[in-house]
Amino acid sequence: MNLNKPQSNRPNNNLLRRLSEPDFALIAPHLTYEEANPDDLLYNPGDDVDTVHFPCDASLASYLVPNEDGRDVETVLVGREGAVGGIVSLGYLPAYTRISVKFGGYFIRLPVSKLDAAKTASVTLRNVFARYADCVMAQMFQSTACNAIHSIEQRTAKWIISAMERTGDANVVPLTHEQLATLLGVGRSYTSRVIQIFKAEQILETRRGSIVIRDPERLRLRSCLCNESVKRHFEEVLRGVYPNAAATPEPLGSQPL
Ligand SMILES: [Zn+2]
């Protein structure tokens, strides 16, 4: 695929689609495709961050914080609304968290040095990434509050919805109990108990390695409103970039912010 084609043929990543034609042209020659599998590791803490990875279509990456007891806890999911690695920093700074692939598929890679050069060359491109960084911070603040005050059941519903919004087939989410337990930072037995409750209420079913959502509306009622708060912030700051948002992303500069 020619990455210099007009916007409609750009990789299916909303952040890349949000860039104006001249801004996209600055980075297009440096973009490469990569296929990633679930659980592929993109960064370990301390690694030099030299590449930005943009999840495309239903691909999903996640930030995991390793803990002293050996467990990783996931903090933020990043789908086609964003990118991981070197978004905020200028230069080769070490990664703080582990970043891994949650749902496999295709990603676009961009060397951090090329992104930094484009940010220096274009204020509007820099603005898009600064706004995205602000949205990631909002996700992290919300995640901290969510982990502190919302129940396991509310958080389970939230993560399933969050994953659902980023997959192509909105009702099938390739999440295992194990992965959900990591997202929640709890033991597998707690997760299984919540899943059993949702199954008994016919909100969802489980298949091997995936969750089938039967009643999305009731699942939303069981969720806390953390996703909605983050989504609202995305809509304020980067309209049309959050998956499932009503509007398709328009290049910055073509619409009021
Ligand atoms: Zn919450």
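## Cavity lining

Counted by class, six nonpolar, six polar and two charged residues line the largest cavity. The structure described here is a predicted model. The largest cavity holds about 140 Å³ of space. Of its 14 lining residues, Gln 139, Lys 158, Trp 159, Asn 227 and Val 230 are the closest to the centre.

A search of the whole structure finds one cavity of 30 Å³ or more. The general idea behind such a search is simple: rolling a probe the size of a water molecule over the atoms shows where empty space is left.

## Zinc site

Which protein atoms are the donors of the zinc ion? They are SG of Cys 146, ND1 of His 150, SG of Cys 224 and SG of Cys 226, and they lie 2.2 to 2.3 Å from the ion. Along the chain these donors follow the spacing C-x3-H-x73-C-x1-C. The four donor atoms subtend angles of 100 to 117° around the zinc ion, which makes the arrangement tetrahedral. For comparison, the ideal angle for four tetrahedral donors is 109.5 degrees.

Cys 146 is buried, its relative accessible area being 0%.

The model has 13 salt bridges by the rule applied. In general terms, side chains of opposite charge can pair when their charged atoms come close. One of the bridges joins Glu 34 to Arg 109, with the closest N and O atoms 3.4 Å apart. Glu 34 belongs to strand 1 (residues 32-36) and Arg 109 to strand 7 (residues 105-111), so this pair ties together parts that are 75 residues apart in sequence.

The two partners fall into separate accessibility classes: Glu 34 is buried at 15% relative accessible area, whereas Arg 109 is partly exposed at 32%.

Arg 222 forms a salt bridge with Glu 153, and their closest N and O atoms are 2.8 Å apart. Arg 222 lies in helix 8 (residues 216-222) and Glu 153 in helix 5, so the bridge ties together parts that are 69 residues apart in sequence. Relative accessibility is 22% for Arg 222, which counts as partly exposed. Glu 153, at 24%, also counts as partly exposed.

Arg 222 also meets Glu 201 in a salt bridge, at 2.2 Å from N to O. Glu 201 sits in the loop between helix 7 (188-200) and strand 9 (204-207), so its pairing with Arg 222 of helix 8 ties together parts that are 21 residues apart in sequence. Glu 201 is partly exposed, with a relative accessible area of 27%. Which residues do salt bridges with shared partners join into one network? The network consists of Glu 153, Glu 201, Asp 215, Arg 218 and Arg 222.

Key. Residues are numbered from 1 along each chain as its sequence is written. This is a predicted model: local features need pLDDT of at least 70, side-chain atom pairs count only at pLDDT 80 or more; totals for chains, interfaces and linings use all residues. Side-chain values use heavy atoms; hydrogens and water are left out. On a 1 Å grid over the protein atoms alone, a cavity is a set of points where a 1.4 Å probe fits but cannot get out, and a pocket is an open set with protein on both sides within 12 Å along at least five of seven lines; lining residues have an atom within 4 Å of a point. Grid points are joined across faces, edges and corners, and a volume is the space filled by probe spheres set on the points. Ala, Val, Leu, Ile, Met, Phe, Trp, Tyr, Cys and Pro count as nonpolar, Asp, Glu, Lys and Arg as charged, and the others, Gly among them, as polar. Donors are N, O and S atoms within 2.8 Å of the metal (3.2 Å for Na, K and Ca); water is not among the atoms, so sites may look incomplete. Four donors count as tetrahedral if all angles lie between 85 and 135 degrees; four count as square planar and six as octahedral if opposite donors are over 155 degrees apart and all others between 65 and 115; anything else is irregular. Buried means under 20% relative accessible area, exposed over 50%, partly exposed in between (1.4 Å probe, protein chains only). A salt bridge is a side-chain nitrogen of Lys or Arg within 4 Å of a carboxyl oxygen of Asp or Glu. Helices (H or I, at least four residues) and strands (E, at least two) are DSSP runs, numbered from the N terminus.
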